[in-house]
Amino acid sequence: MIRITVDDERFEGRDGQTIAGVLIGAGRIAWRTAQTGERGVFCGIGVCHDCLVTVNGLSGVRACQRAASDGDVIEREVRA
Amino acid sequence: MRRVAVLGGGPAGLAAAQAALALGAEVTLVDEGAGLGGQFWRHHDTITDPRLTHGRARFDRLRGALEQATVHTGASVWSADVAASVTLRAFAGSADGPSRRSLAIEADAVVVATGAHDLALPVPGWTLPGVTTAGAAQALAKRDGVTVGRRTIVSGSGPFLLPVAQSLALTGSQVVGVHEASTVRALAAGWLPRPWQLAGKAGELVEYVAALARHRIPYRPGSAVVRVLGESRVEAAVVASLDAAWRPIPGTEREIVCDAVALGHGFTPRLEAALSLGCAIVGEHGARFVAVDDEQRTSNPLVFAAGEVTGIGGADAALAEGAIAGFLAAGGSIDDSRLRGPLAVRRRMRAFAARLERAHGIRQGWTDWLDDDTVVCRCEGVAKQAIEQSSHAPMRAMKLASRAGLGPCQGRTCGHAVEEIMAQAGGRPSGFDRRPILAPIRLGELAGQSGD
């Protein structure tokens, strides 16, 4: 079991899941604000960049590609 | 000793590496995924439901053969050059992570086995959370053991929709329906003649159809999700019957309540590395592939290609082509008796690929389900109308004027749709896939290369 926070909310996931997997497993399907609205996973394999998040202060990380680590602090990215 | 680089660790790349090793070559394999296997063998050792992996024994054998090779996973190749030899440059480390290490690989020959990714055509409402590609639904189910929704509609074309529906059902989502855009007539014309050519493939398809029946999932040819509805996430989808050209038939629309939609209209090859290596491409806009001869050799004698970059044919075709490419790249001969098996499989699988295209290939009428203001380029929020308005300009000018394809994905998601919309508006689209930097990397990483 691993724990991460996303926009100050806590989520529990299974060890080995991607950040996207942890969030979707917890029922959260959107975590980025794009020009046309909220976005989450679209391609799931690192191609579309719809799922970008900031991980421990580093922006532009694909949530579908990065394995979640216990204690990760994740923040939403906003594109106006 | 002959040095062979293999670009991609899916079925084609793994088979190529194994074959090159068998001939005594020094092999370096590079893949951007965290683990080997590509999209076909995308699984996690503890999370993945074993019912969702196929041919696992084959994968274990191929991976086992790599003990003699140098393998770099989590490595994004951003530059590929060929002159007297081949040079690949990559950054390796955790995905998009800090302080990835720089790799430079020199080889006497390279096998490009970069595969393909989902092609999902745009639909009004497709930017709503809850809409994913069919491949994403599959990857999340297999790799992460999760589904986006509780009630999912699968829409698109091709046999891949069947395992996706099965995976969704086994992972806990109700699949409300699988909507195959091609009509029954097109499916029959593609699949029914000369059934003996299908050999093992027919059995595989029958298995999936049986799985659909077991989960009570309706399969509806000649129909598609033509609109996704919702405020801040998917709440429903509009499904319509399609004619042979995939145009919605007026009056057939019906609304279906769901909270997720998985879209998949086939696959598009990842051509960046092949283009950068100067390989000739065959085919027109929307269906371009690396040209190869019977030896899987491209227009550059040091560059071989195998798998989905040479045509969409599935894992068996990729394994056979990879074995041939790796063997020839290591200096083997096409007449060697060890290639008899792969050559026979390749012949059979080429027939399968042709059927796939005939039965499920994208028909041009799909653009009828778009509105003028439907977002086509998801990254930059560019609507269909904006693409049409600048479609007479050369590609570069069209991109600069509309911003289509200029976002983070660099047109990987919208490229096919943009080109089709341009063509239908009277323009002459030309290759979205020429990308001087082959994979997204950080500017700091690139700057760190300046001393080389």
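**Reading the packing**

Analyst: Helix 1 (residues 11-22) of chain B and helix 2 (residues 56-65) of chain B pack at an angle of about 45°, with their axes 9 Å apart. That angle makes helix 1 of chain B oblique to helix 2 of chain B, since angles under 35 degrees count as roughly parallel, over 145 as roughly antiparallel, 65 to 115 as roughly perpendicular and the rest as oblique. This is a predicted model, in which local features need pLDDT of at least 70 and side-chain atom pairs count only at pLDDT 80 or more, while totals for chains, interfaces and linings use all residues. Residues are numbered from 1 along each chain as its sequence is written, chains are lettered from A and ligands numbered from 1 in the order in which they are written, and side-chain values use heavy atoms, with hydrogens and water left out.

User: How are the axes and the helices themselves defined, and which residues of helix 1 and helix 2 of chain B make the contact?

Analyst: Axes are lines fitted to C-alpha atoms, for helices over the stretch in contact, and angles run from 0 to 180 degrees between N-to-C directions. Helices (H or I, at least four residues) and strands (E, at least two) are DSSP runs, numbered from the N terminus. Contact means heavy atoms within 4.5 Å; here L14(B), A15(B), Q18(B) and L21(B) of helix 1 of chain B meet F59(B), L62(B) and A65(B) of helix 2 of chain B.

User: At what angle do helix 5 and helix 9 of chain B pack?

Analyst: Helix 5 (residues 184-191) of chain B and helix 9 (residues 340-360) of chain B pack at about 165°, their axes being 7 Å apart, which means that helix 5 of chain B is roughly antiparallel to helix 9 of chain B. The residues in contact include A186(B), L187(B) and W191(B) from helix 5 of chain B, and F352(B), R355(B) and L356(B) from helix 9 of chain B.

User: Is S79(B) buried or exposed?

Analyst: Buried means under 20% relative accessible area, exposed over 50%, partly exposed in between (1.4 Å probe, protein chains only). S79(B), in strand 4 (residues 75-82) of chain B, counts as buried because its relative accessibility is 14%. Leaving aside residues up to four places away in sequence, S79(B) touches T87(B), L88(B), R89(B) and L438(B).

User: How many residues of chain A are in contact with chain B?

Analyst: In chain A, 31 residues are in contact with 41 residues of chain B. Buried area is the accessible area (1.4 Å probe) that two parts lose on being put together, summed over both; chain A and chain B bury about 3100 Å² between them, 54% of it on carbon and sulfur atoms.
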